[in-house]
Each structure stands twice: as C-alpha cells, then as structure tokens.
Amino acid sequence: MVPGMGDEAGVEQGPEAGPWRATREAGLDRWRGFAPRASRYAALRNRVEPGHPHVSRLSPWVRSRLVTTEELVGTLLSTQRFGAVEKLLQELVWRDYWKGWLEWRPGVWLAYQDALRRVLREGPASVLDRADAVMAGRGGVAVMDRFARELMETGYLHNHARMWWAGYWCHVERLPWVLGADFFYRHLLDADPASNTLGWRWVAGLQTRGKAYLPRRSNLERYGAPEWLSDTRGIERLDDHVVTACPLESEAPAARVRWASLPEVPEVTPGRWGLWVHGEDLTPELSGLGRFRPGLMVTVMDARVLQGHRPSALRLDWMKEGLADARRRAAAHWGCPALQVEAGTEGFPEALARLGSAHGLEGWVAMRPSVGPLGDAVEGIEHALARAGLGMKWCRRRWDEAMWAHAHAGFFPFWEKVAPRLAEAARGSATQGDLGL
Ligand SMILES: Cc1cc2nc3c(=O)[nH]c(=O)nc-3n(C[C@H](O)[C@H](O)[C@H](O)COP(=O)(O)OP(=O)(O)OC[C@H]3O[C@@H](n4cnc5c(N)ncnc54)[C@H](O)[C@@H]3O)c2cc1C
C-alpha cells in the first residue's frame with residue numbers, strides 16, 4: 001500500500017502482472033511471453049484490462065535500455081511479416097521519434113521545467129490543493145481515481161489510461177498540464193523526459209496546435225474494463241457532450257537546434273579510460289562500446305539530482321536495481337572492476353572527477369544523455385572533469401543517430417523514412433538466441 005493512501009482498496013494487478021524487476025533477464029522474459037501475441041497487438045492494444053494482456057508492459061526496460069528497441073524490432077522482423085506487426089513496430093519507434101524530436105528542440109524541456117517551478121512556487125493554493133487531491137486518487141471520478149492509484153502502486157499505466165487521465169487532468173479538472181506531467185514523471189517506472197513531456201503536450205493540445213485529446217465517456221466504456229467502470233461516481237463529468245478542450249496560453253514555436261553527431265566508440269588508449277554507465281542506457285556492452293576496453297566501470301546515484309526530481313520509492317528501487325544489473329553484466333563482459341558511487345553532497349560530476357583521479361584515468365567515456373535531467377548535467381560534468389585534468393568522451397548508438405535524423409517534423413514523415421530502413425538497421429542487432437525466439 002502506498003503511504004498516505006489510507007484504507008483505499010489496493011489496485012488489482014491481474015494474473016499477468018508479475019513482478020517488475022529491473023534486470024535484463026526479466027525484460028527478456030516479459031518479451032518472450034508477449035512476442036507470440038504481437039500480431040494481435042494492432043486489434044487489441046487499446047483495450048485497458050486487468051493485467052494488461054494486450055500490450056507488452058516493457059516500457060520500463062526499454063526506457064532504461066535494459067532491452068533495446070533495435071533488438072525487439074530485429075526479432076519481430078525476423079519472425080513475423082512486416083504487415084502483421086507494423087502497428088507494434090510503429091509504437092516501438094514512437095519512443096525514438098519523441099526522443100529525437102526533443103533533441104531537435106531542447107528548449108521545450110527547459111520551458112516545461114521553468115513552468116513547473118513557477119507553478120509550484122506561485123500557483124494559487126486552490127489549484128495546488130485540488131491537484132494534490134486528484135493525484136492522491138481523491139478527485140471524485142471513480143475510474144480516474146483508480147488510475148491514479150494504479151500509477152502510484154505499480155509505476156505503470158496503459159497508454160490509453162495515460163491519455164484518459166491526462167485528458168481528464170487538463171480538460172475536465174483544468175489543472176496546469178505541467179503539474180500532471182510531473183506527477184507521471186515521479187511515479188512512472190518508464191518516466192522519460194521526451195515521451196512524458198511530449199505526450200502531455202499532445203494531450204493538452206500544445207504539441208499539435210488545435211488538436212487536444214479529450215477523454216470521453218463513450219471511449220472509456222468502449223475500451224475500459226467493465227469492472228473498473230462499475231463504480232460510476234463522477235463519470236457524468238466525462239459525458240461526451242460535457243468535455244471541451246481547455247483554452248491554452250499562446251506559445252512561441254520552439255527553436256530547432258542541430259545536435260552534433262557522435263562516435264559509436266571513442267578512440268582512446270585501451271585500459272586508461274573509465275566507463276560511466278547511467279540509467280539512459282544500461283546495456284552499453286550491446287552497443288559499439290562493447291568493443292571498448294575500460295579500465296574501470298562505474299554507476300552513480302546522485303542524491304541532489306534525485307531530490308530535485310522527487311522520484312517515488314518504487315522508481316528509486318527500480319533505478320538502483322537496474323544499475324546493479326548493469327554492473328553485473330559489465331564485470332562479466334569487460335572483466336574490469338565495476339563500482340557504484342553514491343554521490344551525496346559533492347554531486348556526481350565531482351564524484352566522477354574524484355574517482356577518475358584516484359584511479360589514474362585519463363578520463364571517462366559514456367553514452368551522451370539525451371535531453372532531460374541527465375542531459376542538463378552534461379556541462380557540469382565536462383567542467384568538473386576538465387578542472388581535474390580529465391577528459392570526457394561522449395558516444396551515441398548508430399540507431400539513435402539514424403532515427404533522430406528524421407525526427408525533426410511530424411511522426412508520419414518520420415515513419416515513411418524509417419520504415420523501409422528498419423529491417424536493414426535491425427539486421428545484426430537481433431539476438432534471437434538471447435530472446436528465445
Ligand atoms: C501523457 C502520456 C505520458 C507518457 N509518458 C511516457 C513516459 O514517461 N515514458 C514512456 O516510455 N512512455 C510514455 N508514454 C507513452 C506510452 O504510454 C508508453 O510508452 C506505453 O504505455 C508503455 O506501455 P507498454 O510497454 O505496455 O507499451 P506497448 O504498447 O507494449 O508498446 C511497446 C513499446 O513501444 C513504445 N511505445 C508505445 N507507445 C508509445 C508512445 N505513445 N510513445 C512513446 N513510446 C511508445 C514503448 O517503449 C513501449 O514499451 C506516455 C503517453 C502519454 C499519453
């Protein structure tokens with residue numbers, strides 16, 4: 001039970017829910033269970049039912065790259081006809097599309113952070129109190145209160161439930177979208193700066209101007225589990241003719257920034273550089289970096305960064321377990337020491353600098369974090385290392401470079417470019433033995 005939720009009924013998880021373990025093996029197991037159902041995904045994916053049997057529930061693993069999109073795409077394409085799984089392929093690369101889109105427009109992330117700080121600091125007490133009640137599952141629309149509890153108790157919500165709940169927040173409760181996005185970001189195990197911020201902007205009507213997502217009772221009744229709708233308290237607030245789009249403040253179009261290409265693997269002296277592995281990519285051994293020879297591998301938990309974003313206890317445990325899993329695999333793959341650093345008051349840029357100097361390294365190699373809290377730390381890391389006389393070499397997967405190149409406009413132009421290349425890009429990265437397909 002989530003602390004502070006009193007005697008509210010817990011959220012049933014259904015027969016397929018199973019544990020959420022932040023290990024690569026658990027993610028692969030989940031995929032093995034779901035893959036045989038992939039061809040039914042297009043027809044059934046919008047149904048929101050106990051246990052969520054019609055979707056993969058893989059997003060927490062995909063988000064931290066305990067399992068990568070390219071290997072999922074690779075196994076799908078080598079076991080099924082393209083047409084039979086096209087919808088799932090599209091959804092899988094939506095994540096890459098959103099990440100690329102935000103990389104082209106980092107100002108959207110900064111504006112969201114600014115707006116959030118402003119609302120938290122200056123928002124009227126009546127708005128903040130109402131937001132607290134809705135987040136705590138005490139908004140009075142029973143089905144929406146249930147989704148709020150599911151999010152807090154499991155760290156997951158089905159895509160359609162995210163749309164309904166975010167639409168209810170923006171257009172029925174008429175609360176600031178940034179507060180709702182922050183609630184999701186703190187609780188989702190798959191919390192992602194791109195998918196979450198842009199998903200919320202899309203529901204609010206900011207991402208595609210003039211198009212907001214409205215939660216309608218008829219849609220909930222068509223796709224929602226009847227047992228979740230049997231408690232009809234407050235449902236009349238979602239009646240189709242009642243819900244209208246909340247007017248938006250005008251927003252300047254975000255400036256487009258050309259991100260710089262990065263190598264897949266750095267050219268550095270073998271054994272003299274350390275590898276920093278973080279929650280944006282927990283399987284670097286399955287990227288070009290697999291060929292690199294680090295002298296040392298570290299993962300870092302940064303108390304200050306974490307405090308700033310206030311993740312839930314579930315999400316914190318997920319992050320810790322994921323980092324531990326990455327260290328285990330790294331030690332086996334590279335045969336070098338694999339350490340965990342708890343950066344307390346000093347902050348993790350300084351922790352990396354201190355550790356690098358103590359181990360006589362020339363510098364650190366890492367996947368460059370994309371736009372988001374870790375991306376915000378890039379400059380600070382580079383400065384801290386430079387002050388200690390250490391270098392920082394950033395890398396990026398070829399997959400990201402290939403996908404992001406087409407993510408500057410709408411999804412469908414992106415898909416037209418990407419679809420024909422998927423089979424080619426995925427060839428070689430599908431580890432079918434690993435995935436048991
Ligand atoms: C308001 C809102 C907030 C969201 N916040 C996040 C978030 O923080 N992190 C996140 O990963 N997704 C987010 N999404 C997208 C989507 O809801 C989740 O990726 C999806 O529900 C994950 O469940 P699944 O793994 O069962 O998905 P499946 O339907 O099984 O899809 C397979 C994979 O495809 C990707 N995917 C599917 N749909 C989307 C989508 N619409 N956008 C991006 N990727 C997608 C995910 O990696 C997912 O694991 C958000 C959507 C909305 C509307």
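## Terms and model

Helices (H or I, at least four residues) and strands (E, at least two) are DSSP runs, numbered from the N terminus. This is a predicted model, where local features need pLDDT of at least 70, side-chain atom pairs count only at pLDDT 80 or more, and totals for chains, interfaces and linings use all residues. Residues are numbered from 1 along each chain as its sequence is written, and side-chain values use heavy atoms, without hydrogens and water.

## Strand β2

L296, V298, V300 and D302 point one way. M297, T299 and M301 point the other way.

Strands pair if DSSP finds at least two bridges between them. β2 runs parallel to β1 (273-276), with three bridges. Six bridges join β2 to β3 (338-343), also in the parallel sense.

## Largest cavity

A cavity is a set of points on a 1 Å grid over the protein atoms alone, where a 1.4 Å probe fits but cannot get out; lining residues have an atom within 4 Å of a point. The largest cavity has 27 lining residues, and G279, L306, R315, M319 and L374 are closest to its centre. Helix α15 (313-334) gives the most to this lining, with five residues. Domain 2 (116-238) and domain 3 (273-395), bounded by an automatic or database assignment, both contribute, so the largest cavity lies between them.

## Second largest cavity

Fifteen residues line the second largest cavity; R65, E280, R368, S370 and D400 are nearest its centre. Helix α5 supplies the largest share, three residues. Domain 1 (16-105 + 398-437) and domain 3 both contribute to the lining, so this cavity lies between them.

Definitions and conventions:
Buried means under 20% relative accessible area, exposed over 50%, partly exposed in between (1.4 Å probe, protein chains only). On a 1 Å grid over the protein atoms alone, a cavity is a set of points where a 1.4 Å probe fits but cannot get out, and a pocket is an open set with protein on both sides within 12 Å along at least five of seven lines; lining residues have an atom within 4 Å of a point.
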